[in-house]
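Please look over the sequence and the 3D structure shown here before reading on.

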Amino acid sequence: HRGIAFIAASGKRKVIRLGKCSQRDAESIKIKIEALVSAAVSRRAVDLETANWLADIERHSPDLAKRLVSVGLIAERSDSNDKPLGTFLDDYIDSRVEAKPSTRINLKRAAKGLKEFFGCERMTSTITLGEADQYGQFLFDPSQSGVGDNTARRMLGRAKQLFRAAERLGVIPEGKSPFRDTRGVQVRENAERQYFVSEDEVQAILAVLPTPQKKLIFVLARYGGLRCPSEHLALRWSNIDFDKCRMRIKSPKTEAHEGKDYRECPIFPELLPYLKAAWQEWQQSGRQDDYVIKTDDREGKHTNWRTWLEKAIKKAGRKQWPKLFQNMRSTRETELCETFPLHVVAKWIGNSPAVATKHYLQVTDEHFEAALEPAQVMRKAQRPVRASTCQDATTEVDASQKHRENKGFSEKGMLKSELPILPKLTLMPPVGLEPTTR
């Protein structure tokens, strides 16, 4: 049984009874007490290492923490802010009144996973680093969690976000989130889930869709590249300019960022007839609102678009692709990049060139097929060309000049079909940005 005697800042001698412990443990505690006494005498904050030790003591050795309080080395800590995990998560999500509906849905899903794993009655401050690691291992095991790799990453990232909020609200001590060391929460690209929705598939599905409204929803995703359902539901007729063939698309996902609440996009030829048909139907209906898509669910909570699209794909005799709407948006961006610069297409679709390259643009079979034919032509054209030095190239040019002179034709008088086949020469450019060389 050991104890530590010290002179407090008040000048009085005090003793902390440690009970039964080893000499080594007693000496390590003595070092921390010396730091606490020194800080009390000099009236300054304790160092970071001692502060972390105190936090661990308050969590794992409450008896020792009470003894430190009794001798006046630390103040009594109020645990009134600590809450059961379920209570904290529900209160925090309810307080996020500014969050978009989709954000609240995602946070509730992450909170549900935490409640099921740790329990609703578990005190938030008692969850340890090791238990947070176990939760991550649980999520990344599909046989237990039932979710894919990217879904697990997002749920783990939101768990980290929720416990960071607990730190800010004082529910757990600052810097003591059990998920503070969690890494690898960024979504990764998955080439196996990419799919190019071909024109044949589009026409087959359009043929079985029963209403013009469903056809419009489908082509806005496939030919317009809109995010579904948020950008579909926010599209208004006042943002459609048939004279200039442009549409102004509101983007709820990026509207919090400056200058990214709207984007302007062409009305592509494949999309134009469906929009005009819907425009005529809207004029004849006499509706008071000017939304392009007719629905009472503007927040998109209860849309069944995925359900009827899956049925249409099955009815058309086609195979369902992995990500129904995102794959169509990705397909459109890949098509447009065949004709227009990437920075232009990214502006139209509403993402950055980096995100487009990483998550949207696809390499298709047509790219490989198109690459073979030019390669064969180049090989045929290069077979008779032997010139590899400047001297050889000059000799061939002189020979061709003599051939023209012997023929008696001037440069302007020769027929195009009679011109000799000459190798393509790369001439030395004039002095420009580079320095003159010998």
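**Strands and a helix in a predicted model**

Strand β1 (residues 2–7) and strand β2 (residues 13–19) pair in the antiparallel sense over 6 bridges, where two strands count as paired if DSSP finds at least two bridges between them. Helices (H or I, at least four residues) and strands (E, at least two) are DSSP runs, numbered from the N terminus. This is a predicted model, in which local features need pLDDT of at least 70, side-chain atom pairs count only at pLDDT 80 or more, and totals for chains, interfaces and linings use all residues. Residues are numbered from 1 along each chain as its sequence is written, and side-chain values use heavy atoms, with hydrogens and water left out.

**The hairpin**
- β1 and β2 form a hairpin with 5 residues between them, and glycine 11 in the turn has a positive phi of about 90 degrees.
- Alanine 5 stands opposite valine 15 in β2.

**The open sheet**
- Three strands, in the order β3-β4-β5, make up an open sheet with antiparallel pairing.
- Its edge strands are β3 (240–241) and β5 (262–266), each of which pairs on one side only.
- β4 and β5 run antiparallel and are joined by 5 bridges, with methionine 247 opposite cysteine 265 in β5.

**Helix α12**
- The buried residues of α12 (buried means under 20% relative accessible area, with a 1.4 Å probe and protein chains only) are Leu272, Leu275, Ala278 and Trp282.
- These residues cover an arc of only 130 degrees around the axis (taken from the directions from the helix axis to the C-beta atoms), which puts them on the same side of α12.
- After α12 comes glycine 286, whose phi is positive, near 70 degrees.

Notes
Buried means under 20% relative accessible area, exposed over 50%, partly exposed in between (1.4 Å probe, protein chains only).
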